[in-house]
Every structure is written in structure tokens, then in C-alpha cells.
Amino acid sequence: MSEPAGDMKPLLSNRTIPRSQLLPTMASPLGYESILSTFDELVAKKAIFYAPRKTIQFEDTGFVLELHISTSLSKKPQSGEPVSGCEDHQAEKPECFGPGSDIGYGDPGLLLATIRDTHLLVVNKFCMFRPQLLLLTCDSYRRQRDPLELDDLSAACTVMSDLSARPQFVIYNCGPVAGASRQHKHLQVLPRPPRLFPDERGFESSSVPFRYFLQYLDGVDIGTSDGHEKLFEIYKRLLVEAKQAVGIDPESKDHFPHNVALVKEWIIVIPRQKIDVEGITANAAGMLGSVWLTSNEQLEQWKQVGPRKVLAGLGFPNL
């Protein structure tokens with residue numbers, strides 16, 4: 001049963017995280033400008049990696065991309081690598097967000113808020129954008145290979161609603177094949193890109209190189225618990241459609257690699273079959289045309305292989 005909208009927990013609170021989760025007292029309530037200030041402080045003391053980026057627009061047979069290049073992602077650990085993100089890996093595991101977590105918690109300023117008692121709002125250590133945030137499950141043993149649950153989407157909607165001063169873009173990379181590098185379940189919260197192909201309702205579906213499952217959220221108020229439940233039902237339906245389309249039993253409980261992207265107007269599910277194509281990979285943002293790179297060499301590789309070929313191979317070709 002839906003809880004009343006008036007009973008929804010606020011985005012930002014100053015509650016204390018139990019010591020059993022190895023987390024300290026929460027920071028004071030923050031607004032969007034305060035988050036930006038905290039982000040800048042973390043950059044200044046080198047607690048997070050963030051550097052100016054270069055953006056190149058590119059079009060491949062009707063599919064438009066923005067390719068962002070920044071050295072800030074060059075130290076980001078990939079799937080299975082130690083959590084420190086440093087070349088001289090520590091002998092002991094660094095402090096993380098809970099005993100089951102593999103996401104480093106090296107500075108108390110990283111932890112911004114608790115969300116609905118189920119998730120933590122955290123500054124990402126490796127940032128392409130200002131700010132770039134994570135929504136981690138408070139239960140540090142929940143895993144990135146699992147599909148989204150109602151509480152995940154509720155937390156995402158709450159963040160988008162409360163940070164509406166700057167429209168947000170939430171993504172989920174379900175498993176390493178979908179672009180995930182950490183096992184602790186988390187969503188990413190980013191400033192919304194100026195253009196994503198679902199934004200134009202009349203877009204030509206054949207211009208998208210991969211299979212996708214899209215639903216516009218007409219009549220869904222993401223600021224209410226009822227809206228959260230409607231969104232969760234839409235996500236589950238899209239997930240079933242995606243599985244059926246690629247020949248997977250929708251009742252199967254096996255891991256199903258996929259990307260999810262959410263804004264207040266729509267949600268999209270993209271099934272994934274490969275972690276890379278000729279050494280090139282992408283997460284949910286990249287599949288939608290916001291590609292994150294670490295060097296000009298990677299940019300040239302994308303251009304040489306061709307974005308349509310890359311994205312069609314990472315997902316399932318849109319035949």
C-alpha cells in the first residue's frame with residue numbers, strides 16, 4: 001500500500017548512521033548550492049578527482065553524441081580492481097561505505113545525506129561533471145548485478161525532486177557488462193545533459209543503433225510515493241519486454257545485464273550483451289550519447305571504429 005505523500009522522508013537529514021555500518025554522524029542538511037560548495041572543497045583538497053573536460057559533438061548516421069574527455073577518470077578502478085584507485089595499492093583494504101562495500105570512503109566530506117533511510121547520497125570520487133553523485137544502498141551487501149527495487153527508484157526520485165534547482169539525470173549500470181566497476185549497489189546522479197535522444201518524442205527510432213525500451217512518464221508524479229510505485233511497475237514491465245526481445249525467459253532470476261536511465265519525463269531500459277567492442281566500452285550515459293573518455297586516443301578510437309558499430313555491439317542491434 002502506498003504511504004501518503006505527506007509522510008515521505010526528506011532528502012537531506014542529520015540522522016546518525018549506526019556504527020554497525022561503519023558510518024559517522026550525517027552532515028547537516030544541504031541544498032544544491034551547498035553540495036556544489038562541498039564538491040569544490042573536496043576537489044581543492046584532492047579528496048576526489050575532477051578536472052576540466054573537453055567536449056566534442058559527433059554524429060554518426062543520425063545518432064548524435066557528446067564525447068567528453070577528462071583525465072579525472074584515468075585513476076578510476078575498473079571491475080575487480082582495488083577500491084583505492086591508486087597505483088600504489090594499499091596492503092589493507094581502505095575504509096569503505098560499510099563492511100560489504102567496495103566503494104572507498106576516504107574523506108568524511110564525501111557523505112552528504114541519507115535518503116529515505118535506505119540510501120546514502122555520496123560524492124563520486126571520480127568525476128566527469130560538477131557535481132557527480134552516487135546513491136549507495138545503506139545495506140552494503142546489496143549488489144550491482146541485481147535489478148532495481150522500489151526503494152532504489154524511490155531514492156532516485158526523491159533526489160531528483162529535491163535537487164530540482166538543476167535538472168538531474170539518474171543512471172544505473174546493472175553489472176560489469178553494463179559498465180559497472182563496483183559491486184556495492186549504487187545509482188549515479190548527474191547534471192542532466194542538454195540533449196538525450198528520448199527528449200524529442202518524434203525522434204526516428206531507426207537512428208538509434210541498439211534495442212531500447214522506453215516509457216514516457218505522463219501522469220506519473222515522481223514527487224509522491226504513488227508515483228514511485230507506478231514508476232517501479234513501469235520499470236519491471238520494460239525489463240520483461242527487454243528480456244523477451246533478446247530471447248531470455250522473463251521469469252529467469254539469472255543476472256540480466258542492462259542499463260537504466262531516468263529523468264522526470266521518461267525512463268529507458270537498454271539490454272546489454274558485451275562489456276566492450278574492440279576494446280571500447282560505455283555505461284548507461286554513453287549508450288544515450290554522453291560518452292566519457294580519458295584521452296584523445298580514446299576519442300580517435302571511437303571515431304575509427306564508429307559509434308554506431310560500438311553501441312550496437314555493446315547492446316543488441318536495432319534491426
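User: In which helix is D226 found?
Analyst: This is a predicted model, where local features need pLDDT of at least 70, side-chain atom pairs count only at pLDDT 80 or more, and totals for chains, interfaces and linings use all residues. Residues are numbered from 1 along each chain as its sequence is written, and side-chain values use heavy atoms, with hydrogens and water left out. Helices (H or I, at least four residues) and strands (E, at least two) are DSSP runs, numbered from the N terminus. D226 is found in helix 3.

User: Is D226 buried, partly exposed or exposed?
Analyst: Buried means under 20% relative accessible area, exposed over 50%, and partly exposed in between (1.4 Å probe, protein chains only). D226 has 37% relative accessibility, so the residue counts as partly exposed.

User: How far apart in space are D226 and S154, C-alpha to C-alpha?
Analyst: In sequence, D226 and S154 are 72 residues apart. In space, their C-alpha to C-alpha distance is 9.9 Å.

User: How many residues of helix 3 line the second largest pocket?
Analyst: Helix 3 spans residues 225–245. Its share of this lining is the largest, at six residues.

User: How are the rings of F49 and F126 arranged?
Analyst: Rings of Phe, Tyr and Trp (its six-membered ring) pair if their centres lie within 6.5 Å; planes under 30 degrees apart count as stacked, over 60 as edge-to-face and the rest as tilted. The centres of F49 and F126 are 5.2 Å apart and their planes stand at 5°, so the pair is stacked.

User: Which strands hold F49 and F126?
Analyst: The pair ties together parts 77 residues apart in sequence, because F49 lies in strand 1 (residues 49–50) and F126 in strand 6 (residues 126–127).

User: What kind of aromatic pair do F197 and F203 form?
Analyst: F197 and F203 are both buried. Between F197 and F203, the distance is 5.3 Å centre to centre, with 70° between the planes. The pair is edge-to-face.
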